[in-house]
Amino acid sequence: MRLRAELVALLAALAATPVAAATDAAPPARYGHYDATGRASWYGHELAGRRTATGKRFDPDDVMIAHRTLPLESMVEVTDVDTGRTIIARVGDRGPGRADRVADLSLGAARLLGTNRRAVAHIRLRALSPGADRPGLILAGATAVAPIAKPIVLDPQAHYRVQLASFSSRPRAQALARRFDARIVAAGRLWRVERTGMNAESAKALRDAAAQAGYDDARILHQD
């Protein structure tokens, strides 16, 4: 009886403890200050319909990422370090399973970012705080910065280079280089396929041919 009375008293004391005290003892993480870089792969139709950590079914076309710790349904700024292109995506699942990945992108996010033709991309992730960071862009799918989309004015007298694509696999880069009589250049953990010393007309023709072959990210750059 004495033990039972002590147990009842303990439960009553716990019930009377203010909720605020427990909350103050363990403040939430300040995710708005999260900023990290690393490698990211993407996943698509092979997992369509699977339940995500949010309870929703996975739609490959959604603009979302899988991350280990960021709050579900929060927004992040995702930047392709190789190109500078940036999008806004939603944290919609937990992952990735591999320790050498900072995140996994959905196919929709990879397409918007321009990394869907690469198995692995080097990205930067920055958590966004609604109402504080870029309030007009806290929307999944928004393109915050797209420097590669700006066309350059071609000068008939100038020389250009065409960057066809970037790969994490050297053999794949070499195969594309042979197809378009180009060269490969090491860029960190990636291999860029490019052709240099071209006039405006030739550069445009090569860029268009690459795009028709499925390499939509091919672009013309000024010769360094």
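This is a predicted model: local features need pLDDT of at least 70, side-chain atom pairs count only at pLDDT 80 or more; totals for chains, interfaces and linings use all residues.
## Before we start

Here, a contact means heavy atoms within 4.5 Å of each other.

## The whole chain

The protein chain has five helices and eleven strands. Of its 224 residues, 37% count as buried.

What share of the contacts with a separation of 6 or more comes from residues 24 or more positions apart? The figure is 70% in this protein chain.

Let's zoom in on α5, which runs over residues 200-212.

Which residues of α5 are buried? They are A200, A203, L206 and A210. These four cover an arc of only 130° around the axis, so they sit on the same side of α5.

N199 is in the loop between β10 and α5. Is N199 buried or partly exposed? Its relative accessibility is 36%, so N199 counts as partly exposed.

Leaving aside residues up to four places away in sequence, N199 touches A158 and Y160. Along the chain, N199 and Y160 are 39 residues apart, yet their C-alpha atoms are separated by 6.0 Å.

## Another loop residue: G55

G55 belongs to the loop between β1 (35-43) and β2 (64-66). With 35% relative accessibility, G55 counts as partly exposed. How far is the C-alpha atom of G55 from that of D93? The separation is 9.0 Å, with the two residues 38 apart along the chain.

## The second largest pocket

Now for some open space: the second largest pocket holds about 190 Å³. It is lined by 13 residues, and R39, A121, H122, R189 and L190 are the ones nearest its centre. The elements giving two or more residues to this lining are β1, β6 (121-128) and β10 (190-198).

What is the lining of the second largest pocket like by class? It has five nonpolar, four polar and four charged residues.

How values were computed: Residues are numbered from 1 along each chain as its sequence is written. Side-chain values use heavy atoms; hydrogens and water are left out. Buried means under 20% relative accessible area, exposed over 50%, partly exposed in between (1.4 Å probe, protein chains only). On a 1 Å grid over the protein atoms alone, a cavity is a set of points where a 1.4 Å probe fits but cannot get out, and a pocket is an open set with protein on both sides within 12 Å along at least five of seven lines; lining residues have an atom within 4 Å of a point. Grid points are joined across faces, edges and corners, and a volume is the space filled by probe spheres set on the points. Ala, Val, Leu, Ile, Met, Phe, Trp, Tyr, Cys and Pro count as nonpolar, Asp, Glu, Lys and Arg as charged, and the others, Gly among them, as polar. The expected span of a helix is 1.5 Å times one less than its number of residues. The arc is that of the directions from the helix axis to the C-beta atoms.
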